[in-house]
Amino acid sequence: MQEIGHWINGKRVAGTSGRFADIYNPATGEVQARVALASAAELDHAIQEAAKAQVAWAATNPQRRARVMMAFGALINKNMDKLAELVSREHGKTLPDARGDVQRGLEVVEVCMGAPAMLKGEMMDPAGPGIDLYAMRQPLGVVAGITPFNFPAMIPLWKMAPALASGNVMILKPSERVPSTSLLLAELLQEAGCRMACCRW
Amino acid sequence: MQVVNGDKSVVDGILDHEVIQGVGFVGSTPIAQYIYGRAATNGKRAQCFGGAKNHMIIMPDADLDKAADALIGAGYGAAGERCMAISVAVPVGEKTADALIERLVPRIEKLKVGPYTAGNDVDYGPVITQASKDRILGLIGSGVEQGAKLVVDGRGFKLQGYENGFFVGPSLFDHVTPEMEIYKQEIFGPVLSQVRAGSYEDALKLVMDNEYGNGTAIFTADGDTARDFASRVNVGMVGINFPIPVPLSYFSFGGWKRSAFGDLNQYGPDAFRFYTKTKTVTARWFSGIKEGASLNFKALD
(Lines give C-alpha, C1' and ligand atoms only; values in the text may rest on other atoms or scores of the structure.)
Protein backbone atom coordinates (compact mmCIF):
# COMPACT_ATOMS: atom_id res chain seq x y z
CA MET A 1 0.00 0.00 0.00
CA GLN A 2 1.42 3.36 -1.07
CA GLU A 3 1.82 5.74 1.85
CA ILE A 4 1.66 9.48 1.17
CA GLY A 5 3.27 11.89 3.59
CA HIS A 6 3.91 15.63 3.64
CA TRP A 7 6.23 18.11 1.91
CA ILE A 8 8.33 19.83 4.54
CA ASN A 9 11.43 21.98 3.97
CA GLY A 10 11.83 20.90 0.39
CA LYS A 11 11.36 17.17 0.67
CA ARG A 12 8.79 14.44 1.03
CA VAL A 13 8.59 13.23 4.60
CA ALA A 14 6.56 10.43 6.13
CA GLY A 15 3.93 11.29 8.69
CA THR A 16 4.67 10.53 12.34
CA SER A 17 1.20 10.78 13.87
CA GLY A 18 0.27 7.17 13.13
CA ARG A 19 -3.07 8.40 11.78
CA PHE A 20 -4.01 7.89 8.12
CA ALA A 21 -6.92 8.41 5.74
CA ASP A 22 -7.72 6.05 2.88
CA ILE A 23 -7.51 7.27 -0.70
CA TYR A 24 -9.89 5.42 -2.96
CA ASN A 25 -9.78 4.62 -6.62
CA PRO A 26 -13.27 6.01 -7.25
CA ALA A 27 -13.71 3.90 -10.38
CA THR A 28 -13.26 0.60 -8.55
CA GLY A 29 -14.08 1.50 -4.97
CA GLU A 30 -10.75 0.02 -3.84
CA VAL A 31 -8.32 1.74 -1.49
CA GLN A 32 -5.30 2.70 -3.65
CA ALA A 33 -3.16 4.51 -1.07
CA ARG A 34 -3.28 6.09 2.33
CA VAL A 35 -2.30 9.57 3.36
CA ALA A 36 -0.80 10.59 6.67
CA LEU A 37 -2.81 12.99 8.82
CA ALA A 38 -0.51 15.46 10.53
CA SER A 39 -0.41 15.95 14.27
CA ALA A 40 -0.44 19.36 15.95
CA ALA A 41 3.33 19.06 16.46
CA GLU A 42 3.99 18.29 12.79
CA LEU A 43 1.86 21.26 11.74
CA ASP A 44 3.60 23.57 14.20
CA HIS A 45 7.01 22.43 12.94
CA ALA A 46 5.97 23.14 9.33
CA ILE A 47 4.68 26.59 10.26
CA GLN A 48 7.75 27.57 12.31
CA GLU A 49 10.11 26.50 9.54
CA ALA A 50 8.02 28.38 6.99
CA ALA A 51 8.17 31.52 9.12
CA LYS A 52 11.99 31.35 9.12
CA ALA A 53 12.12 31.07 5.33
CA GLN A 54 9.58 33.84 4.78
CA VAL A 55 11.95 36.64 5.81
CA ALA A 56 14.40 35.93 3.01
CA TRP A 57 11.67 35.22 0.47
CA ALA A 58 9.96 38.54 1.20
CA ALA A 59 13.29 40.36 0.91
CA THR A 60 13.88 38.82 -2.51
CA ASN A 61 13.64 41.17 -5.47
CA PRO A 62 10.03 40.74 -6.72
CA GLN A 63 11.32 40.16 -10.24
CA ARG A 64 13.30 37.17 -9.02
CA ARG A 65 10.16 35.81 -7.40
CA ALA A 66 8.39 36.39 -10.71
CA ARG A 67 11.12 34.44 -12.49
CA VAL A 68 10.41 31.52 -10.19
CA MET A 69 6.81 31.74 -11.42
CA MET A 70 8.07 31.71 -15.03
CA ALA A 71 10.12 28.58 -14.39
CA PHE A 72 7.21 27.04 -12.45
CA GLY A 73 4.86 27.70 -15.36
CA ALA A 74 7.29 26.06 -17.79
CA LEU A 75 7.59 23.02 -15.52
CA ILE A 76 3.81 22.72 -15.20
CA ASN A 77 3.55 22.70 -18.99
CA LYS A 78 6.33 20.13 -19.24
CA ASN A 79 4.61 17.91 -16.65
CA MET A 80 1.06 18.51 -17.88
CA ASP A 81 0.31 14.86 -18.64
CA LYS A 82 1.81 13.63 -15.37
CA LEU A 83 -0.18 16.18 -13.36
CA ALA A 84 -3.39 15.39 -15.24
CA GLU A 85 -2.91 11.68 -14.64
CA LEU A 86 -2.52 12.26 -10.89
CA VAL A 87 -5.67 14.40 -10.88
CA SER A 88 -7.63 11.69 -12.68
CA ARG A 89 -6.23 8.85 -10.61
CA GLU A 90 -7.38 10.28 -7.30
CA HIS A 91 -10.38 12.40 -8.35
CA GLY A 92 -11.76 10.24 -11.16
CA LYS A 93 -12.38 12.99 -13.73
CA THR A 94 -11.51 12.35 -17.37
CA LEU A 95 -8.01 13.14 -18.65
CA PRO A 96 -9.10 16.00 -20.95
CA ASP A 97 -10.99 17.50 -18.00
CA ALA A 98 -7.97 16.98 -15.74
CA ARG A 99 -5.75 18.82 -18.23
CA GLY A 100 -8.27 21.68 -18.06
CA ASP A 101 -7.96 21.56 -14.27
CA VAL A 102 -4.19 22.04 -14.55
CA GLN A 103 -4.51 24.60 -17.34
CA ARG A 104 -6.86 26.93 -15.44
CA GLY A 105 -4.42 26.83 -12.51
CA LEU A 106 -1.45 27.45 -14.79
CA GLU A 107 -3.14 30.59 -16.10
CA VAL A 108 -3.03 32.08 -12.60
CA VAL A 109 0.70 31.26 -12.42
CA GLU A 110 1.08 33.11 -15.74
CA VAL A 111 -0.52 36.25 -14.33
CA CYS A 112 1.79 35.99 -11.30
CA MET A 113 4.78 36.22 -13.65
CA GLY A 114 3.81 39.90 -13.80
CA ALA A 115 3.24 40.24 -10.06
CA PRO A 116 5.76 43.08 -9.49
CA ALA A 117 3.51 45.46 -11.40
CA MET A 118 0.69 44.61 -8.97
CA LEU A 119 2.86 45.17 -5.89
CA LYS A 120 4.16 48.65 -6.63
CA GLY A 121 2.15 50.66 -4.14
CA GLU A 122 1.17 54.33 -4.42
CA MET A 123 2.82 57.68 -3.96
CA MET A 124 1.67 61.29 -3.60
CA ASP A 125 4.06 63.95 -4.75
CA PRO A 126 3.93 66.46 -3.19
CA ALA A 127 1.91 65.69 -0.08
CA GLY A 128 3.13 68.94 1.47
CA PRO A 129 6.32 70.99 1.54
CA GLY A 130 9.18 68.48 1.64
CA ILE A 131 6.77 65.71 2.48
CA ASP A 132 6.53 62.33 0.74
CA LEU A 133 3.46 60.23 1.32
CA TYR A 134 3.57 56.71 0.04
CA ALA A 135 1.93 53.37 0.60
CA MET A 136 3.63 50.05 0.13
CA ARG A 137 2.19 46.58 -0.13
CA GLN A 138 3.94 44.10 2.13
CA PRO A 139 3.33 40.36 2.38
CA LEU A 140 1.23 39.02 5.24
CA GLY A 141 3.86 36.45 6.24
CA VAL A 142 2.84 32.82 6.60
CA VAL A 143 -0.53 32.13 5.00
CA ALA A 144 -2.56 28.96 4.57
CA GLY A 145 -4.43 27.47 1.64
CA ILE A 146 -7.10 24.86 2.41
CA THR A 147 -8.32 23.32 -0.83
CA PRO A 148 -11.11 20.95 -1.90
CA PHE A 149 -11.14 17.59 -3.70
CA ASN A 150 -12.87 18.71 -6.88
CA PHE A 151 -10.00 20.65 -8.50
CA PRO A 152 -6.79 18.99 -7.23
CA ALA A 153 -4.47 21.18 -9.35
CA MET A 154 -6.38 24.36 -10.15
CA ILE A 155 -7.37 25.57 -6.70
CA PRO A 156 -4.01 24.89 -4.97
CA LEU A 157 -2.41 26.89 -7.83
CA TRP A 158 -4.94 29.71 -7.37
CA LYS A 159 -3.85 29.91 -3.74
CA MET A 160 -0.10 29.35 -3.90
CA ALA A 161 0.91 31.44 -6.92
CA PRO A 162 -0.38 34.88 -5.83
CA ALA A 163 0.59 34.22 -2.21
CA LEU A 164 4.18 33.29 -3.09
CA ALA A 165 4.61 35.94 -5.78
CA SER A 166 3.58 38.53 -3.16
CA GLY A 167 6.36 37.40 -0.81
CA ASN A 168 4.42 35.12 1.52
CA VAL A 169 5.13 31.50 2.30
CA MET A 170 2.25 29.06 2.24
CA ILE A 171 1.09 26.14 4.30
CA LEU A 172 -1.03 24.17 1.85
CA LYS A 173 -3.53 21.67 3.24
CA PRO A 174 -5.05 19.90 0.24
CA SER A 175 -8.09 17.67 0.46
CA GLU A 176 -7.09 14.35 2.00
CA ARG A 177 -8.90 12.65 -0.92
CA VAL A 178 -6.47 14.07 -3.50
CA PRO A 179 -3.08 14.90 -1.92
CA SER A 180 -0.72 13.71 -4.68
CA THR A 181 -1.16 16.59 -7.14
CA SER A 182 -0.25 19.15 -4.47
CA LEU A 183 2.88 17.20 -3.58
CA LEU A 184 4.02 17.11 -7.21
CA LEU A 185 3.30 20.84 -7.53
CA ALA A 186 5.49 21.44 -4.47
CA GLU A 187 8.29 19.47 -6.12
CA LEU A 188 7.99 21.48 -9.33
CA LEU A 189 7.96 24.72 -7.37
CA GLN A 190 11.22 23.73 -5.73
CA GLU A 191 12.72 22.81 -9.09
CA ALA A 192 11.63 26.26 -10.29
CA GLY A 193 13.77 27.83 -7.58
CA CYS A 194 11.44 28.23 -4.62
CA ARG A 195 13.54 26.58 -1.93
CA MET A 196 13.02 26.44 1.77
CA ALA A 197 15.79 27.19 4.26
CA CYS A 198 17.74 29.23 1.77
CA CYS A 199 18.75 32.81 2.26
CA ARG A 200 20.11 33.70 -1.17
CA TRP A 201 17.66 33.20 -4.04
CA MET B 1 5.79 26.20 0.51
CA GLN B 2 4.96 23.34 2.86
CA VAL B 3 2.30 20.74 2.14
CA VAL B 4 0.73 19.39 5.32
CA ASN B 5 -1.85 16.66 4.86
CA GLY B 6 -4.52 16.22 7.44
CA ASP B 7 -8.12 16.41 8.51
CA LYS B 8 -10.18 18.80 10.62
CA SER B 9 -7.60 18.89 13.43
CA VAL B 10 -4.99 20.30 11.01
CA VAL B 11 -7.51 22.87 9.77
CA ASP B 12 -8.27 23.96 13.33
CA GLY B 13 -4.55 23.99 14.09
CA ILE B 14 -4.03 26.41 11.17
CA LEU B 15 -6.95 28.61 12.23
CA ASP B 16 -5.68 28.90 15.81
CA HIS B 17 -1.95 29.21 15.08
CA GLU B 18 -0.67 32.67 15.89
CA VAL B 19 1.95 32.68 13.10
CA ILE B 20 -0.64 32.18 10.35
CA GLN B 21 -1.75 35.58 9.04
CA GLY B 22 -4.18 34.70 6.28
CA VAL B 23 -6.34 31.77 5.22
CA GLY B 24 -7.72 31.00 1.78
CA PHE B 25 -10.31 28.24 1.58
CA VAL B 26 -12.52 26.58 -1.01
CA GLY B 27 -15.13 23.97 -0.08
CA SER B 28 -18.71 23.71 1.07
CA THR B 29 -20.71 26.63 2.48
CA PRO B 30 -21.01 25.42 6.11
CA ILE B 31 -17.24 24.81 6.30
CA ALA B 32 -16.46 28.08 4.51
CA GLN B 33 -18.53 29.98 7.06
CA TYR B 34 -16.93 28.07 9.94
CA ILE B 35 -13.39 28.77 8.72
CA TYR B 36 -14.16 32.41 8.01
CA GLY B 37 -15.63 32.88 11.48
CA ARG B 38 -12.85 31.13 13.36
CA ALA B 39 -10.07 32.77 11.35
CA ALA B 40 -11.63 36.21 11.77
CA THR B 41 -12.12 35.70 15.52
CA ASN B 42 -8.40 34.95 15.72
CA GLY B 43 -7.57 38.15 13.84
CA LYS B 44 -6.61 36.53 10.55
CA ARG B 45 -7.49 37.67 7.10
CA ALA B 46 -9.72 35.11 5.41
CA GLN B 47 -11.39 34.48 2.07
CA CYS B 48 -13.59 31.41 2.04
CA PHE B 49 -15.49 30.16 -0.97
CA GLY B 50 -18.43 27.83 -0.55
CA GLY B 51 -21.22 26.05 -2.34
CA ALA B 52 -23.43 26.99 -5.22
CA LYS B 53 -26.68 26.35 -7.02
CA ASN B 54 -26.10 27.82 -10.43
CA HIS B 55 -29.10 28.58 -12.62
CA MET B 56 -29.19 28.99 -16.38
CA ILE B 57 -32.11 30.92 -17.82
CA ILE B 58 -33.14 29.91 -21.32
CA MET B 59 -35.20 32.57 -23.09
CA PRO B 60 -37.67 31.61 -25.84
CA ASP B 61 -35.45 33.33 -28.42
CA ALA B 62 -32.33 31.34 -27.45
CA ASP B 63 -30.64 28.89 -29.80
CA LEU B 64 -32.00 25.82 -28.04
CA ASP B 65 -29.51 23.37 -29.54
CA LYS B 66 -26.65 25.44 -28.25
CA ALA B 67 -28.41 25.87 -24.90
CA ALA B 68 -28.89 22.09 -24.63
CA ASP B 69 -25.22 21.45 -25.49
CA ALA B 70 -24.20 23.97 -22.86
CA LEU B 71 -26.43 22.38 -20.23
CA ILE B 72 -25.00 18.93 -20.91
CA GLY B 73 -21.42 20.13 -20.49
CA ALA B 74 -22.11 22.36 -17.50
CA GLY B 75 -24.53 19.99 -15.79
CA TYR B 76 -22.81 16.63 -16.21
CA GLY B 77 -19.14 17.49 -16.82
CA ALA B 78 -16.88 16.23 -13.99
CA ALA B 79 -19.99 14.35 -12.73
CA GLY B 80 -21.39 17.69 -11.59
CA GLU B 81 -18.62 18.05 -8.99
CA ARG B 82 -17.93 21.69 -9.82
CA CYS B 83 -18.91 24.76 -7.86
CA MET B 84 -19.57 26.39 -11.24
CA ALA B 85 -21.70 23.51 -12.58
CA ILE B 86 -25.15 24.45 -13.82
CA SER B 87 -27.59 22.39 -11.75
CA VAL B 88 -30.82 24.27 -12.53
CA ALA B 89 -32.17 24.99 -16.01
CA VAL B 90 -34.85 27.69 -16.06
CA PRO B 91 -36.60 27.84 -19.42
CA VAL B 92 -39.03 30.72 -19.84
CA GLY B 93 -42.40 29.54 -21.14
CA GLU B 94 -43.87 26.04 -21.47
CA LYS B 95 -42.95 25.82 -25.15
CA THR B 96 -39.29 26.54 -24.42
CA ALA B 97 -39.34 24.02 -21.57
CA ASP B 98 -40.82 21.24 -23.69
CA ALA B 99 -38.45 21.97 -26.57
CA LEU B 100 -35.48 21.94 -24.22
CA ILE B 101 -36.37 18.56 -22.67
CA GLU B 102 -36.78 17.19 -26.19
CA ARG B 103 -33.19 18.23 -26.95
CA LEU B 104 -31.66 17.23 -23.61
CA VAL B 105 -32.88 13.63 -23.45
CA PRO B 106 -31.10 12.27 -26.55
CA ARG B 107 -27.93 14.10 -25.58
CA ILE B 108 -28.04 12.59 -22.08
CA GLU B 109 -28.63 9.13 -23.47
CA LYS B 110 -25.44 9.47 -25.50
CA LEU B 111 -23.25 10.34 -22.49
CA LYS B 112 -20.45 7.86 -21.86
CA VAL B 113 -19.74 7.33 -18.19
CA GLY B 114 -16.62 5.42 -17.20
CA PRO B 115 -13.14 5.43 -15.71
CA TYR B 116 -10.61 7.92 -17.09
CA THR B 117 -8.56 4.99 -18.34
CA ALA B 118 -11.31 4.00 -20.80
CA GLY B 119 -10.27 6.61 -23.37
CA ASN B 120 -10.74 10.24 -24.26
CA ASP B 121 -14.35 9.77 -25.34
CA VAL B 122 -15.46 9.24 -21.74
CA ASP B 123 -17.71 12.15 -20.80
CA TYR B 124 -17.44 11.89 -17.07
CA GLY B 125 -16.18 9.59 -14.34
CA PRO B 126 -17.22 8.46 -10.88
CA VAL B 127 -18.01 10.75 -7.95
CA ILE B 128 -15.46 11.00 -5.17
CA THR B 129 -16.69 8.57 -2.49
CA GLN B 130 -19.34 5.96 -1.76
CA ALA B 131 -20.85 8.40 0.76
CA SER B 132 -21.15 11.02 -1.96
CA LYS B 133 -22.78 8.50 -4.29
CA ASP B 134 -25.25 7.42 -1.59
CA ARG B 135 -26.15 11.03 -0.87
CA ILE B 136 -26.78 11.78 -4.55
CA LEU B 137 -28.95 8.67 -4.98
CA GLY B 138 -30.89 9.64 -1.84
CA LEU B 139 -31.52 13.13 -3.20
CA ILE B 140 -32.76 11.73 -6.51
CA GLY B 141 -35.17 9.55 -4.53
CA SER B 142 -36.37 12.57 -2.57
CA GLY B 143 -37.04 14.41 -5.83
CA VAL B 144 -39.30 11.61 -7.00
CA GLU B 145 -41.09 11.48 -3.62
CA GLN B 146 -41.61 15.23 -3.58
CA GLY B 147 -43.29 15.17 -6.97
CA ALA B 148 -40.66 16.17 -9.54
CA LYS B 149 -40.78 14.33 -12.84
CA LEU B 150 -37.69 12.15 -13.26
CA VAL B 151 -37.24 12.25 -17.03
CA VAL B 152 -33.92 10.38 -17.08
CA ASP B 153 -33.06 8.12 -14.13
CA GLY B 154 -29.35 7.52 -13.57
CA ARG B 155 -29.72 5.51 -10.39
CA GLY B 156 -29.48 2.08 -11.97
CA PHE B 157 -26.19 2.75 -13.76
CA LYS B 158 -23.83 -0.25 -13.82
CA LEU B 159 -20.51 -0.71 -15.54
CA GLN B 160 -19.11 -4.18 -16.05
CA GLY B 161 -15.89 -4.66 -14.15
CA TYR B 162 -16.51 -1.55 -12.06
CA GLU B 163 -19.49 -2.68 -10.02
CA ASN B 164 -18.05 -1.23 -6.81
CA GLY B 165 -17.03 2.08 -8.36
CA PHE B 166 -18.70 5.32 -7.34
CA PHE B 167 -20.46 5.86 -10.67
CA VAL B 168 -23.79 7.66 -10.92
CA GLY B 169 -25.61 7.79 -14.25
CA PRO B 170 -26.92 11.12 -15.53
CA SER B 171 -30.33 12.16 -14.20
CA LEU B 172 -32.73 14.82 -15.44
CA PHE B 173 -35.67 16.22 -13.49
CA ASP B 174 -38.48 18.35 -14.89
CA HIS B 175 -41.20 20.28 -13.00
CA VAL B 176 -38.90 20.93 -10.04
CA THR B 177 -40.13 23.56 -7.55
CA PRO B 178 -38.16 25.62 -5.01
CA GLU B 179 -39.50 23.72 -1.98
CA MET B 180 -37.95 20.42 -3.07
CA GLU B 181 -34.72 19.14 -1.53
CA ILE B 182 -33.20 18.60 -5.00
CA TYR B 183 -33.64 22.34 -5.56
CA LYS B 184 -32.56 23.51 -2.13
CA GLN B 185 -29.39 21.42 -1.82
CA GLU B 186 -26.24 21.56 -3.87
CA ILE B 187 -26.30 17.98 -5.18
CA PHE B 188 -22.68 17.99 -6.46
CA GLY B 189 -23.55 15.12 -8.76
CA PRO B 190 -24.70 14.46 -12.34
CA VAL B 191 -28.24 15.67 -11.79
CA LEU B 192 -29.88 18.51 -13.72
CA SER B 193 -33.17 20.03 -12.54
CA GLN B 194 -35.51 21.96 -14.78
CA VAL B 195 -37.64 24.63 -13.08
CA ARG B 196 -40.23 26.10 -15.44
CA ALA B 197 -40.70 29.87 -15.28
CA GLY B 198 -43.64 31.82 -16.70
CA SER B 199 -41.70 34.95 -17.52
CA TYR B 200 -38.23 36.48 -17.53
CA GLU B 201 -39.04 38.33 -14.31
CA ASP B 202 -40.08 35.06 -12.61
CA ALA B 203 -36.87 33.41 -13.77
CA LEU B 204 -34.76 36.31 -12.55
CA LYS B 205 -36.55 36.31 -9.19
CA LEU B 206 -35.77 32.61 -8.76
CA VAL B 207 -32.06 33.28 -9.22
CA MET B 208 -32.18 36.35 -6.98
CA ASP B 209 -34.01 34.54 -4.17
CA ASN B 210 -31.59 31.62 -4.09
CA GLU B 211 -29.28 31.61 -1.08
CA TYR B 212 -26.22 30.97 -3.27
CA GLY B 213 -24.72 33.42 -5.74
CA ASN B 214 -21.67 31.84 -7.33
CA GLY B 215 -22.42 31.65 -11.04
CA THR B 216 -25.37 31.99 -13.39
CA ALA B 217 -26.01 32.17 -17.11
CA ILE B 218 -28.60 33.34 -19.59
CA PHE B 219 -29.11 32.04 -23.11
CA THR B 220 -30.86 34.54 -25.34
CA ALA B 221 -30.61 36.24 -28.73
CA ASP B 222 -31.68 39.56 -27.24
CA GLY B 223 -28.94 41.92 -26.11
CA ASP B 224 -31.29 44.03 -24.06
CA THR B 225 -32.45 41.05 -21.98
CA ALA B 226 -28.88 39.87 -21.51
CA ARG B 227 -27.76 43.30 -20.43
CA ASP B 228 -30.65 43.68 -18.00
CA PHE B 229 -29.85 40.28 -16.49
CA ALA B 230 -26.14 41.00 -16.07
CA SER B 231 -26.92 44.34 -14.45
CA ARG B 232 -29.61 43.23 -12.01
CA VAL B 233 -28.71 39.71 -10.92
CA ASN B 234 -27.14 39.29 -7.45
CA VAL B 235 -24.58 36.67 -8.49
CA GLY B 236 -20.80 37.08 -8.73
CA MET B 237 -20.07 35.49 -12.11
CA VAL B 238 -22.46 35.79 -15.03
CA GLY B 239 -22.42 34.04 -18.39
CA ILE B 240 -24.22 35.34 -21.47
CA ASN B 241 -24.66 32.44 -23.89
CA PHE B 242 -21.77 30.99 -21.89
CA PRO B 243 -22.53 28.27 -19.35
CA ILE B 244 -19.52 28.20 -16.99
CA PRO B 245 -18.31 31.80 -16.67
CA VAL B 246 -15.13 31.19 -14.66
CA PRO B 247 -13.29 34.47 -15.27
CA LEU B 248 -9.86 34.37 -16.90
CA SER B 249 -6.92 34.69 -14.57
CA TYR B 250 -6.37 38.44 -15.01
CA PHE B 251 -9.89 39.06 -13.67
CA SER B 252 -10.88 37.38 -10.43
CA PHE B 253 -13.14 34.61 -9.14
CA GLY B 254 -15.76 35.04 -6.47
CA GLY B 255 -19.42 34.48 -5.77
CA TRP B 256 -21.99 36.52 -3.86
CA LYS B 257 -24.39 35.66 -1.05
CA ARG B 258 -23.65 32.37 0.74
CA SER B 259 -21.16 31.27 -1.92
CA ALA B 260 -18.33 33.35 -0.49
CA PHE B 261 -17.24 34.78 2.86
CA GLY B 262 -14.69 37.58 2.89
CA ASP B 263 -14.06 40.79 1.03
CA LEU B 264 -11.80 39.96 -1.86
CA ASN B 265 -11.96 37.50 -4.73
CA GLN B 266 -9.47 34.80 -5.63
CA TYR B 267 -6.65 35.38 -8.15
CA GLY B 268 -6.23 38.43 -10.37
CA PRO B 269 -5.77 41.90 -8.87
CA ASP B 270 -7.82 41.01 -5.78
CA ALA B 271 -5.38 38.22 -4.86
CA PHE B 272 -2.49 40.68 -4.59
CA ARG B 273 -4.59 42.84 -2.29
CA PHE B 274 -5.54 39.82 -0.21
CA TYR B 275 -1.99 38.52 0.18
CA THR B 276 -0.44 41.90 1.01
CA LYS B 277 -1.14 44.52 3.63
CA THR B 278 -0.81 48.24 3.10
CA LYS B 279 1.70 50.33 4.99
CA THR B 280 1.50 54.07 4.47
CA VAL B 281 4.50 56.27 5.19
CA THR B 282 4.50 60.02 5.71
CA ALA B 283 8.08 61.30 5.45
CA ARG B 284 9.57 64.74 5.79
CA TRP B 285 13.19 65.62 5.05
CA PHE B 286 14.37 68.97 6.36
CA SER B 287 17.56 69.01 4.43
CA GLY B 288 19.74 66.55 2.63
CA ILE B 289 23.37 65.83 2.15
CA LYS B 290 23.64 65.19 -1.53
CA GLU B 291 25.69 62.17 -2.35
CA GLY B 292 28.16 62.02 -5.14
CA ALA B 293 26.73 60.78 -8.40
CA SER B 294 27.00 57.13 -9.39
CA LEU B 295 27.57 56.76 -13.11
CA ASN B 296 27.13 53.02 -13.27
CA PHE B 297 23.94 51.57 -14.72
CA LYS B 298 23.27 48.59 -12.50
CA ALA B 299 20.61 46.29 -11.15
CA LEU B 300 19.04 47.19 -7.82
CA ASP B 301 19.71 43.88 -6.15
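Visitor: How do the residues lining the largest pocket divide into nonpolar, polar and charged?
Guide: There are 16 nonpolar, 11 polar and 9 charged residues in that lining. Here Ala, Val, Leu, Ile, Met, Phe, Trp, Tyr, Cys and Pro count as nonpolar, Asp, Glu, Lys and Arg as charged, and the others, Gly among them, as polar. Bear in mind that this is a predicted model, in which local features need pLDDT of at least 70, side-chain atom pairs count only at pLDDT 80 or more, and totals for chains, interfaces and linings use all residues. Residues are numbered from 1 along each chain as its sequence is written, chains are lettered from A and ligands numbered from 1 in the order in which they are written, and side-chain values use heavy atoms, leaving out hydrogens and water.

Visitor: What makes something a pocket or a cavity?
Guide: On a 1 Å grid over the protein atoms alone, a cavity is a set of points where a 1.4 Å probe fits but cannot get out, while a pocket is an open set with protein on both sides within 12 Å along at least five of seven lines; lining residues have an atom within 4 Å of a point.

Visitor: Which residues lie nearest the centre of the largest pocket?
Guide: Of its 36 lining residues, those are A:Pro148, A:Phe149, B:Gly27, B:Ser28 and B:Ile31. Helix 2 of chain B gives the largest share of the lining, 5 residues. A helix here is a DSSP run of H or I with at least four residues, a strand a run of E with at least two, both numbered from the N terminus.

Visitor: And which lie nearest the centre of the largest cavity?
Guide: B:Gly80, B:Ala85, B:Ser87, B:Glu186 and B:Phe188, out of 15 lining residues. That lining splits into 7 nonpolar, 5 polar and 3 charged.

Visitor: How many residues does each chain bring to the contact?
Guide: Chain A brings 91 and chain B brings 72, contact meaning heavy atoms within 4.5 Å. Together the two chains bury about 7100 Å², 62% of it on carbon and sulfur atoms; buried area is the accessible area (1.4 Å probe) lost on putting two parts together, summed over both.

Visitor: Why is A:Asp97 with B:Arg82 called a salt bridge?
Guide: A salt bridge needs a side-chain nitrogen of Lys or Arg within 4 Å of a carboxyl oxygen of Asp or Glu. The closest N and O atoms of this pair are 2.9 Å apart, so the pair qualifies. The count between the chains is 2 salt bridges. On the side of chain B that touches chain A, strand 14 gives the most, with 9 residues, and the classes there are 40 nonpolar, 22 polar and 10 charged.

Visitor: Where is the cis peptide bond?
Guide: A:Asp125 and A:Pro126 share it, with omega about -5°. A:Pro126 sits in strand 6 (residues 122-128) of chain A.
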